[in-house]
Amino acid sequence: MTASRQQLWTLFLLVVILGFVSGSIAVEQMPSWWPASNWFNRFRAHLGLDLQGGAHLLYEADTSQVTREDAESALAGVRDVIEKRVNALGVSEPVVQTANAGSHLRIIVELAGVFDVNEAIEAIGATPLLEFKTEAVPPAPDPLNDAQLAQRKEFNQEQQTKAQETLARVQEASGENFAEVATEVSEDPGSAANGGDLGFVRREVVVKAFGDALFDQLTDGDITPDLVETEFGYHIIQRLESRTATDETTNEPYEEAHARHILLRTKPLEGDVPEYDPWAATGLGGRQLKRSEVQFDQYTGTAEVGLTFDDEGGNLFETLTEANIGKRIGIFLDGNLISAPVVQQKISGGTAVITGNFTIPDARQLVERLNAGALPVPINLVSQQTVGPTLGAASVRQSMSAGLIGFALVALVMLIIYRAAGLLAVVALLFYTALAFAFFKLIPVTLTLAGIAGFLLSIGLAVDANVLIFERLREELREGEAFHNAVREAFARAWNSIRDSNVSTLITCIILAWFGTSVIKGFAITLGLGVLLSMFSAIIVTRLLVEFAGKSSWLADKKWLWGG
Amino acid sequence: MNIIQNRNFYFALSGLLVAGSIVAIAVYGLRLGIDFTGGALSEITVDSRIAADAGIITQALIAGESPALDSVRVQPTGAHGFLLRFKSVSEQEHHSIIMALDAFLGELLPAEEETDVPLEQPDVDAAASGAVVDAVDSGGNPVAIDVVASEPEAQPAGPEFLTEDRFESIGPVIGSELAQKSMYAIVAVLIGIITYIAWAFRKVAEPVSSWKYGVTAIIALAHDVIIPTGVFAVLGAVLGIEIDILFVTALLTILGFSVNDTIVVFDRTRENLARHHHKHEFTWIVEKSVNETMRRSLFTSLTTFVVLCSIFLYGGDSVKYFVLALMIGVIVGTYSSIFLASPLLVVWEQWSRRQGN
């Protein structure tokens, strides 16, 4: 089916236009005199992380605490939160996707151009876990048996005797230095080394018996005449000085005293209280948070974080404060207690303030994180890949030179083997290269190192179709066919082989793209796209060129030019 | 060329290569990379003034505190580059490993060099660390102005004597998952290609039924995959080259190639059968078809091969062994389509004819 003259020219025109457009898109930077260069230069190649440098992070969500259905939506929530945090980092075109592998729920984060992965990982993984806790009720002490009780009584008796002796040593009559004795005898690990010095203390922070003795019984300089017994043991207390201070928050004056003491510990006769977490979970936390903002204390001007709860959180907070008047509520961030205000009254309205020793940037960061939202479920980093900027740039350079040299070698081989036909194949190959790159930019296909290898490989394969056609042409010419008939036969017969041989490569590419991690996908897509486009260029473009060449009877008669 | 006549020689050659490969795989096993086993890989470039070799770095790393480094392997890449492989670590652990190595390398720096500005140290750091700027006040008296860094602690110091070009840490779960996925992919590609072969040869029946073409193509396929795998088993034992996900990709691509070449030869056999089978024997037809398509097979492989050579030589280290696997695959794939698949078909035809008689 030799095309009519008119059809041939139309086709030729179309191919020329297509070649011009795809070539202009494919070239990275067209000179300004080129028609519509601004428009063509808008198209950019999308380079993968291994070429431009950056970080690829794979997180797995810990969904052990939620049901399967909840896990799916929680994962979507995680993705949104991470997206917000990543955007805050100022990364251009970050990729945050969910990727589920069976029962594992995962998130892929790709950050191009980010090299300080530490910072990025911290920003992404930092779960601002906000929790409100109440004071826990101490558990009942473990009861003692008779023998233990007797032993303890005896021990406490010994401690009392020892304390009496110590008291005698520090009383003015004997004149021994209180601090030295305290260092020697005292069993208070916090103060013994400082000569028993406790610094200035408020009455509220010490146990009642101690406070009564210090503030009611003693005057400045006095040592307690008798032992003071508290739950900790026997104290000998000296009040050194006293003063009146002003409370920072309430602005009310209060008395405080500078004291030192010697402690001889006793063991409780009721038995030991087992270790317990002094704070009890309440279920109120970042989950019920509507928004937060930086505020400033109206008296001191220090930064605070204001919280507004949603309805559920507001009600919960009201109940909590009501039940804990006079007690403390602990506000925990990431498991650390940042403030523990004493509840004065029931608080309704669903707002709270965290006062802590925030600097303004700290407060602002906390607010940003709280507003970005806490992660609905915890996530763990299970795999990471980072490529530095130098390696990426080197890879681009290397791929470029490998591509140019590879192309030149293929062109050389084709010219040597097929002469004039080889030249036409090289022209078709140039067309194919431009077309493929234009497609990569338009779709867009993210080019990775393996992807470029796949594309270069497709250059080798692209000539395969030409080789099949030219070999047929050569055979037909040798059998004495006229040039036009030979061309027609060659294309018609080679087509079956071209189609059949490319199908198997395409099958492989499709499976690889489906199965693929991003590296493999890049390879499969460029190779597969390359195979498809090369079929087009070999069949349409090469044929067109051969037909045009055949119009010149001079060329058509020189059979050796066509390998014949 | 008398390919069919000399078939026993070619069978022997292929048999030897396949047997050798299977032995190599059995003896050495495949050295699996972190893609499949989980682990960490760090590519570093050491400051060019420091003379460090893989041995020193290995010792320094093993002496370190991190348990992930117990089985560390250090491989030199280029003049000052090293590839470190160890167990998978968290980012903090990774950071401290790099910083410890950096400190160690810093001590190796020759004394006369220490006054130099270290690698990649930005100039602002000198000003930030409390430099004094000379100035004069309005009366013309000299005044010293201390330059104080605004946030000295905000910038965590990076390594000074090395740059890390690449770091990967893959958890063991991800690794075993990828290994499983690779198996699925290989099985899927095999099924896809076998189905395709069955479809492509559905019409040929005389004198060799179509499924025999398919089985022969698959034998050639196995041949083409086993040999590169054997070569990599040897490379793994000798040079420490690991099998990674790119190698699996290469194998799958070889599957595609190999069957592609074989199909072109069989296509021609099919065509010649239709034309000549009344006049000639099956052996003659196959011989003719192989010889007719041989130029095409060789030239196509040649063009693909020169491109691969170019990537192997100039395309950088990351894809080097991927491309090597493909190169081996192209060579054995071309060989098998010419010297193995068609002769096998002839042997089979003759054998079944004898059975029939």
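Analyst: A residue is taken as buried if 20 or more other C-beta atoms lie within 10 Å of its own. In this predicted model, A:L366 counts as buried because it has 21 C-beta neighbours inside 10 Å. A:L366 belongs to helix α10 (residues 360-372) of chain A. Its C-alpha atom is separated by 8.0 Å from that of A:V305, which is 61 residues away along the chain. Over chain A as a whole, buried residues make up 38% of the 564 residues.

The strand in question is β16 (residues 379-387) of chain A. Strand β16(A) is mostly covered, with 7 of its 9 residues buried. Within chain A, β16(A) is joined by 8 bridges to strand β2 (residues 54-61), and the two run antiparallel. In this pairing, A:H56 stands opposite A:Q385 of β16(A). Strand β16(A) also pairs with strand β6 (residues 162-170) of chain B, again in the antiparallel sense, over 5 bridges. Here A:Q384 stands opposite B:S169, and A:Q385 stands opposite B:E168.

In total, 57 residues of chain A are in contact with 54 residues of chain B. On the side of chain A that touches chain B, at least two residues each come from α5 (117-125), β16, α11, α12, α13 (483-515) and α14 (518-551). Of these, α11(A) gives the most, with 14 residues. By class, this side of chain A divides into 33 nonpolar, 20 polar and 4 charged residues.

The largest nonpolar core has 195 residues, and A:A453, B:F322 and B:A325 touch the most other members. Helix α11(A) gives the most to this core, with 23 residues. Leaving aside residues up to four places away in sequence, B:A325 touches B:P228, B:F232, B:F247, B:A250 and B:L251. A second, separate core has 20 residues, among them A:V170, A:V206, A:I262 and A:L263.

The packing of α11(A) against α12 (residues 449-478) of chain A can be described in more detail. Their axes come within 9 Å and cross at roughly 5°, and α11(A) and α12(A) are therefore roughly parallel to each other. The contact between them has 20 nonpolar, 7 polar and no charged residues.

The axes of α6 (residues 172-200) and α8 (residues 245-276) of chain B come within 10 Å and cross at roughly 5°, which makes α6(B) roughly parallel to α8(B). From α6(B), the residues B:L178, B:S182, B:A185, B:I186, B:V189, B:I193, B:I197 and B:A200 take part, and they meet B:I245, B:V248, B:L252, B:L255, B:V259 and B:I263 of α8(B). This contact divides into 13 nonpolar residues, 1 polar residue and no charged residues.

Chain A also holds an open sheet of 4 strands, in the order β10-β5-β13-β14, with antiparallel pairing. Strands β10 (279-285) and β14 (336-339) of chain A stand at the edges with a single partner strand each, so one side of each is left without a neighbour in the sheet. Neighbouring strands of this sheet are turned by 45° against each other on average, direction ignored. Strand β5 (residues 130-135) of chain A pairs with β10(A) over 4 bridges in the antiparallel sense, and A:K133 has A:A281 as its bridge partner in β10(A). Helix α9 (residues 311-323) of chain A packs on the sheet and touches β5, β10 and β13 (329-333) of chain A. The direction of α9(A) makes about 150° with that of β10(A).

These elements belong to a chain whose secondary structure comes to 15 helices and 17 strands. Among contacts in chain A between residues at least 6 apart in sequence, 69% join residues at least 24 apart. To return to the strand of the request, β16(A) pairs with β2(A) and with β6(B), and 7 of its 9 residues are buried.

Terms used. Residues are numbered from 1 along each chain as its sequence is written. Chains are lettered from A and ligands numbered from 1 in the order in which they are written. This is a predicted model: local features need pLDDT of at least 70, side-chain atom pairs count only at pLDDT 80 or more; totals for chains, interfaces and linings use all residues. A residue is buried if 20 or more other C-beta atoms lie within 10 Å of its own, exposed if 12 or fewer, and partly exposed in between; C-beta atoms are placed from the backbone. Two residues are in contact if their C-beta atoms, placed from the backbone, lie within 7 Å. Axes are lines fitted to C-alpha atoms, for helices over the stretch in contact, and angles run from 0 to 180 degrees between N-to-C directions. Angles under 35 degrees count as roughly parallel, over 145 as roughly antiparallel, 65 to 115 as roughly perpendicular and the rest as oblique. Ala, Val, Leu, Ile, Met, Phe, Trp, Tyr, Cys and Pro count as nonpolar, Asp, Glu, Lys and Arg as charged, and the others, Gly among them, as polar. A nonpolar core is a set of buried Ala, Val, Leu, Ile, Met, Phe, Trp, Tyr and Cys residues joined through C-beta atoms within 7 Å. Two strands pair if DSSP finds at least two bridges between them.
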